[in-house]
Amino acid sequence: MAADSQKSYAVSISLPDEQVFRNLKNAKHFAIDIGGSLAKLAYSSTLQRRTSLVSDESSEDGPGCIYQVSEEDEITNRLHFVKFETRLIETCLDFIQRQLKGSPMKDKVIKATGGGAHKYRDLINSKLGVQIDKEDEMQCLIQGCNFLLQNIPDEAFSYHRHEKPEYKFQGVNHNVFPYLLVNIGSGVSLIKVDSETKFERIGGTSNGGGTFWGLGSLLTKAKTFDELLELAENGDHREVDMLVKDIYGGEYESIGLTGDIIASSFGKATQPHKDQESPFKEEDIARSLLLSISNDIGQIACLHARMHKLTKIYFGGYFIRGHPLTMRTITFAINFWSKEEIQPLFLRHEGYLGAIGAFLRGAEENESGSQWGENYARSSGLSSTQQSTNRDCKRTRSTTFDMLELDKVNARSHCPVLLNPDTYNPDMVDLTKDSDAREYWLDCFSHTVDKTKGLAIKSQANSLDVEERANKFKDSYLERLNGLKENPCAYGSLTVRFLLDTSSHLLRDFLFTDPYSQQKQTENELALRNLPSRLQFLDSMADTDRPLNLARGVLAGNVFDWGAKEVVKMIESGQEFGFNQALDKVEARPWLCDYFDSWSERLNRSPPHRCAAVFCDNSGADIILGLFPFVRDLLIRGTKVILCANSRPTLNDVTYNELNILVKRVSEICPVIDKAVKEHRLIPMESGQESPCLDLRLIDQSLVKAMEREQTDLIVIEGMGRAVHTNFDAKFSCESLKVAILKNKWLANRFGGEMFSVIFKYETPSTEDNS
């Protein structure tokens with residue numbers, strides 16, 4: 001395309017900036033998917049960020065200092081995706097060229113796919129001086145789709161017009177095959193996918209996104225795809241389409257057609273009219289056109305799925321772009337023609353399939369075995385559907401450029417003792433469905449953001465720009481929370497876990513790696529000083545009394561949670577509040593959720609558990625005075641223990657690096673722990689998590705292998721975030737124990753309890769999934 005033609009478009013668009021094409025100067029690998037209307041650029045970059053380190057080197061601070069905390073720079077990898085109109089490609093290439101000045105692209109290779117890969121080869125080469133390797137479009141689409149379905153939680157969803165919310169998200173699917181992928185670009189391809197490597201194009205149609213845009217441009221004054229969608233949103237197709245009732249005066253009962261079914265798209269346009277100008281509104285024409293094409297695509301997809309005995313159809317390609325009317329029409333067509341036997345599914349990142357696939361093919365050698373997780377801080381969400389019911393409102397996109405960012409993570413897989421990983425849902429409450437809960441939790445996090453900001457500043461008090469970065473964190477988080485009030489489905493199922501994870505992502509994005517590091521260090525040192533007397537107290541008890549006191553100790557330790565607003569107020573009130581005071585907060589039995597008798601009976605039966613995987617929660621009294629004595633008792637009974645901690649910091653939760661040092665320090669106090677460590681009967685491991693909650697679909701692969709190797713037959717989940725907000729209803733193929741104390745009034749009320757009510761839930765292996 002000529003440069004003059006390209007520059008004429010650039011006047012009216014928002015030019016890209018460093019916030020769109022982030023970290024370009026450190027980019028390593030590139031891929032681009034160039035369609036007829038949209039281009040999608042993918043690149044990985046090295047990113048420097050702060051990380052919190054702990055070391056057990058000797059300290060000048062005195063014998064009570066059990067470890068040293070420091071912050072250092074670390075290099076990590078991030079995968080960026082940017083979507084923009086193909087007509088802006090020269091403008092964007094010029095921007096990239098300027099950003100990469102001094103970072104030569106010579107000898108670098110860009111993987112390219114899509115119809116424009118050949119058309120724009122010379123332009124990309126002349127601008128960036130790189131080699132272009134064209135990748136097969138179908139292979140890239142399939143690889144990209146498989147990647148999203150298997151790595152990104154809540155990637156796929158179904159659309160339900162008459163339900164609230166309209167979206168039903170699918171979670172992470174580890175068993176996706178076989179399925180039909182319907183890729184709607186300028187035209188439409190239908191691809192049957194049987195495995196990671198086996199797929200076949202089984203059909204298609206030339207009537208796709210290009211047809212809608214092309215005919216829409218001829219029939220209306222709209223020139224962009226989104227302008228057409230806005231027209232369609234406000235139109236009434238019944239003014240243009242001929243319905244069954246227009247022909248028969250009502251429904252056609254004998255063949256099962258209701259009166260509102262479209263009998264002929266644009267059928268009323270054949271009727272003569274006196275005026276020279278069309279009597280039809282542009283909005284009605286655009287709506288009729290969108291319904292016509294969407295209906296046809298849905299019917300063709302359904303027929304091919306039936307022929308090949310497929311029950312799942314995924315739609316991608318950015319024709320849909322989260323547009324409610326399009327999803328509604330396709331869903332209706334699939335349900336109508338299949339009699340609801342085939343499930344139509346859409347993708348949050350539908351337009352990136354080809355770009356993801358091309359990138360993965362180009363980075364296979366360099367990123368072999370890598371996994372990626374969505375970075376909520378910098379990704380664009382789905383557009384709101386709320387305006388779709390109001391024809392006086394225009395539905396506009398927030399920006400010319402849509403973005404997706406993924407962070408490199410260690411290899412992860414689902415917990416091997418989950419009963420059914422594909423139906424497992426970690427979250428107790430879906431805030432998209434519960435408006436009262438949504439209002440409470442969004443307000444709750446809005447009110448605590450200043451506390452988080454203050455801790456962030458305190459953790460880096462010597463940094464010159466700390467207040468500026470802390471304010472940016474606060475503003476960004478409040479902006480996200482406000483956006484979620486209007487559009488709760490933007491990033492999938494809205495949960496407490498998501499709100500906590502988003503805060504963590506934003507903190508790291510503004511270089512706050514561990515705001516609670518000093519608080520954790522102080523509490524760990526205090527708890528270690530009190531551990532000998534706690535162990536002595538437990539050992540003085542009769543064997544019959546010890547299990548209950550161990551359980552009460554775990555609960556008392558769990559009171560010390562800096563993520564709980566009411567507890568923070570209590571601890572900061574100035575009154576003395578230690579472990580003994582926390583024990584007094586533990587209610588007398590019977591507890592709100594009380595399976596202790598069953599647990600105590602199991603402990604007295606032989607043989608003991610082979611191996612327990614214990615997921616710990618907070619630093620300080622929680623792990624040292626509550627959980628270590630509990631673990632010690634399991635070890636004495638003959639059970640091997642895998643003690644699992646977060647891979648990265650969040651709130652005051654103990655991390656794997658801290659856990660290793662705490663195990664060493666506790667071993668110096670307790671001979672039982674010391675012997676178990678030396679005999680490899682107590683094994684600290686990282687969980688692969690970086691959240692106060694626990695998603696057992698995505699835990700560290702080394703932990704998965706260890707649980708399988710040791711034949712884990714007991715899983716213990718501790719803490720309100722891990723055992724209540726998530727996993728309360730989780731079903732396992734082995735015994736499970738979920739222990740927490742409720743430190744939130746709203747949550748306690750939901751359970752029918754009060755503040756400091758106890759959850760002690762022991763369950764035997766499940767045989768079927770009732771979740």
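**Reading a predicted model, feature by feature**

Colleague: How should I read accessibility, and is Cys415 buried or exposed?

Modeller: This is a predicted model. Residues under 20% relative accessible area count as buried. Cys415 has 0% relative accessibility, so Cys415 counts as buried. Cys92 is buried as well, because its relative accessible area is 1%.

Colleague: How many disulfides are found in the whole structure?

Modeller: A disulfide is a covalent bond between the sulfur atoms of two cysteines. To be counted here, the two sulfur atoms must be within 2.5 Å. The search of the whole structure gives zero disulfides. Cys415 shows the case: its nearest cysteine sulfur belongs to Cys734 and is 7.4 Å away, and Cys415 is in no disulfide.

Colleague: Next, helix packing. At what angle do the axes of H15 and H16 cross?

Modeller: The axes of helix H15 (residues 517–539) and helix H16 (residues 546–557) come within 10 Å and cross at roughly 150 degrees. An angle over 145 degrees counts as roughly antiparallel. That is why H15 and H16 are described as roughly antiparallel to each other.

Colleague: Which residues make the contact between H15 and H16?

Modeller: From H15 come Arg534, Phe537, Leu538 and Asp539, and from H16 come Arg546, Asn549, Leu550 and Gly553. By type, the residues of this contact are three nonpolar, two polar and three charged.

Colleague: Now a strand. How many residues of E23 are buried?

Modeller: Five of the five residues of strand E23 (residues 714–718) are buried, so E23 is largely enclosed by the rest of the structure. Look at its two faces in turn. Leu714, Val716 and Glu718 are buried on one side, and Ile715 and Ile717 are buried on the other, leaving both faces covered.

Colleague: Which strand is joined to E23 by four bridges, and which by five?

Modeller: Strand E19 (residues 611–615) is joined to E23 by four bridges, and the two run parallel. Strand E24 (residues 735–741) is joined to E23 by five bridges, also running parallel. Ile715 can be followed in both pairings: its partner is Ala613 in one and Ser736 of E24 in the other.

Colleague: What is the strand order in the open sheet of seven strands?

Modeller: The order is E7-E6-E14-E13-E8-E9-E10, and the pairing is mixed. Strand E7 (167–169) and strand E10 (199–205) are the edge strands, each pairing on one side only. On average, neighbouring strands are turned by 30 degrees against each other, direction ignored. Within this sheet, E8 (residues 179–184) and E9 (residues 188–193) pair over six bridges in the antiparallel sense, and Leu180 has Lys192 of E9 as its bridge partner.

Colleague: Which helix lies across E6, E7, E8, E13 and E14?

Modeller: That is helix H10 (residues 324–338), which runs at about 155 degrees to E14. Helix H5 (residues 137–151) also lies across strands of the sheet, among them E8, to which H5 runs at about 115 degrees.

Notes. Residues numbered from 1 in each chain as written. Predicted model: local features only at pLDDT ≥ 70, side-chain atom pairs only at ≥ 80, totals over all residues. Heavy atoms only, no water. Buried < 20%, exposed > 50% of the residue type's maximum accessible area, 1.4 Å probe, protein only. Axes fitted to C-alpha atoms, helices over the stretch in contact; angles between N-to-C directions. Parallel < 35°, antiparallel > 145°, perpendicular 65-115°, else oblique. Contact = heavy atoms within 4.5 Å. Nonpolar A, V, L, I, M, F, W, Y, C, P; charged D, E, K, R; others polar. Pairing = 2+ DSSP bridges.
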